[in-house]
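Biologist: I am new to this structure and would like a short tour. Could we go through it together?
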Amino acid sequence: MIRFVLKRTGGALLVLLTLSVSVYLLFYLAPGDAARLACGERCNPQQIAQVREQLGLNDSVVVQYLHFLQGIVAGRDYSGGAAPVHCDAPCLGFSYQNDQQVTQLLLERLPATASLAVGTLVIWLAVGVGTGLLSALRRGGITERALTVLTLAGTGTPVFILGLLALMVVCAYLQWLPFPTYVPFGEDPEQWAWNMLLPWLVLGFFESAKYARLTRSSTLETLAEDHIRTFRAYGVAERRVVTRHAVRGAVAPVVALSAVDFGTLFGGAVLTESLFGIPGLGKTLIDGVRVVDLPVVVGVVLVTGAAVVIAGAVADLLYAAADRRVVLT
């Protein structure tokens with residue numbers, strides 16, 4: 001276990017370093033003047049030059065990147081005119097648009113993304129896994145055919161189309177739910193859940209279609225293995241064979257993939273957050289790309305990368321716990 005943790009930690013640091021270098025190079029070569037964007041349209045050349053000096057944009061991309069790494073490890077000072085401004089570690093810099101620390105900005109947006117990710121995880125596990133198991137156990141019947149049609153429809157329909165249809169039908173036409181407006185959990189838990197329900201259902205249905213197909217194929221494969229046939233030959237009750245042996249082996253890859261997808265949601269639910277106005281990391285990433293706000297973009301990419309790497313390690317642990325034949329290396 002210690003060897004596995006150390007190996008994963010080293011790999012995670014390497015992945016995050018590669019991600020940060022790639023994003024820095026892409027935005028360094030991208031068109032646009034970050035100093036002009038940070039200063040505003042009404043700034044004169046002298047003011048733009050001053051902002052460029054304060055942000056350290058006159059340095060080469062290598063020097064800027066090394067300063068960025070220094071801020072993450074030990075913090076750094078920024079020239080603020082009369083007196084330098086210190087940014088405590090882990091410092092991801094200051095946003096070019098609102099002069100706010102990126103770390104603070106991401107911490108403010110993280111609860112919204114976490115709310116979306118947790119609710120979606122519950123729905124896709126409940127609906128996706130349950131549908132997949134039922135489809136596999138009722139193979140060849142009407143139930144399986146109907147569930148197959150639903151999963152294919154969910155897999156083939158883009159999430160933004162599902163979201164728009166849900167808004168028009170559920171909110172505008174039927175008026176069962178209000179148009180979503182994000183409310184922090186700490187302010188009003190009931191309104192938080194009420195406004196997050198539709199985004200959960202839309203993204204959960206989209207993801208559950210994939211998990212239904214995976215669960216079905218994995219369950220059918222497990223039911224065809226030799227040890228399952230042996231249990232049946234010895235007269236073990238079918239319910240016991242399915243619940244104690246077949247389901248455990250079939251759910252193992254589903255659990256592993258769920259951990260990875262859960263980590264990916266911390267930066268990958270861009271369309272859902274934008275469509276429903278959820279002020280999360282995905283929407284923050286899109287806003288940062290649109291205005292070439294390099295510190296914000298790099299910060300979101302690093303947080304997302306860290307979430308995916310951690311989720312991958314957790315997925316390996318869960319897979320090994322679900323399937324005793326797996327050995328961690």
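Biologist: Where is Trp176 placed?
Modeller: This is a predicted model, and in it Trp176 sits in the loop between α7 and α8.
Biologist: Is that residue, Trp176, buried or exposed?
Modeller: Trp176 has a relative accessible area of 61%. The cut-off for exposed is over 50%, so Trp176 counts as exposed.
Biologist: Which residues make the nonpolar surface patch?
Modeller: Trp176 is one of them, together with Phe160, Ile161, Leu164, Leu165, Met168, Val169, Tyr173, Leu174 and Leu271. The patch covers about 1,000 Å².
Biologist: Which element supplies the largest share of the nonpolar patch?
Modeller: That is α7, with seven residues.
Biologist: What is Leu198 in contact with, leaving aside neighbours within four places in sequence?
Modeller: With those neighbours set aside, Leu198 touches Ala166, Leu167, Val170, Cys171, Leu177, Pro180 and Phe276.
Biologist: And Asn195, in which helix is it found?
Modeller: Asn195 belongs to helix α8, which spans residues 189–223.
Biologist: Why is Asn195 called buried?
Modeller: Its relative accessible area is 8%, and buried means under 20%, so Asn195 qualifies as buried.
Biologist: What lies 3.0 Å from a polar atom of the Asn195 side chain?
Modeller: The backbone nitrogen of Thr181 does. Beyond neighbours within four places in sequence, Asn195 is in contact with Thr181 as well as Pro178, Phe179, Pro180 and Val183.
Biologist: A change of topic: where does Thr284 lie, and what does it contact?
Modeller: Thr284 is in helix α12, residues 281–290. Apart from neighbours within four places in sequence, Thr284 contacts Leu105, Arg109, Val296 and Val300. Thr284 is buried, at a relative accessible area of 3%.
Biologist: Finally, is Asp226 buried or exposed?
Modeller: Asp226 is exposed, with a relative accessible area of 54%, and its place is in helix α9 (residues 226–233).
Biologist: Which side chain does the side chain of Asp226 make a polar contact with?
Modeller: The partner is the side chain of Arg229, at 2.2 Å. As for Val254, 28 residues apart from Asp226 along the chain, the C-alpha atoms of the two are separated by 21 Å.

Definitions and conventions: Residues numbered from 1 in each chain as written. Predicted model: local features only at pLDDT ≥ 70, side-chain atom pairs only at ≥ 80, totals over all residues. Heavy atoms only, no water. Helix = DSSP H or I, 4+ residues; strand = E, 2+ residues; numbered from the N terminus. Buried < 20%, exposed > 50% of the residue type's maximum accessible area, 1.4 Å probe, protein only. Polar contact = N/O pair within 3.5 Å; in protein donor to acceptor, adjacent residues only side chain to side chain. Contact = heavy atoms within 4.5 Å. Patch = residues over 30% accessible without salt bridge, like charges linked within 9 Å, V, L, I, M, F, W, Y side chains within 5 Å. Areas by Shrake-Rupley, 256 points an atom, 1.4 Å probe, with all protein chains shown as cover. Salt bridge = Lys/Arg side-chain N within 4 Å of Asp/Glu carboxyl O.
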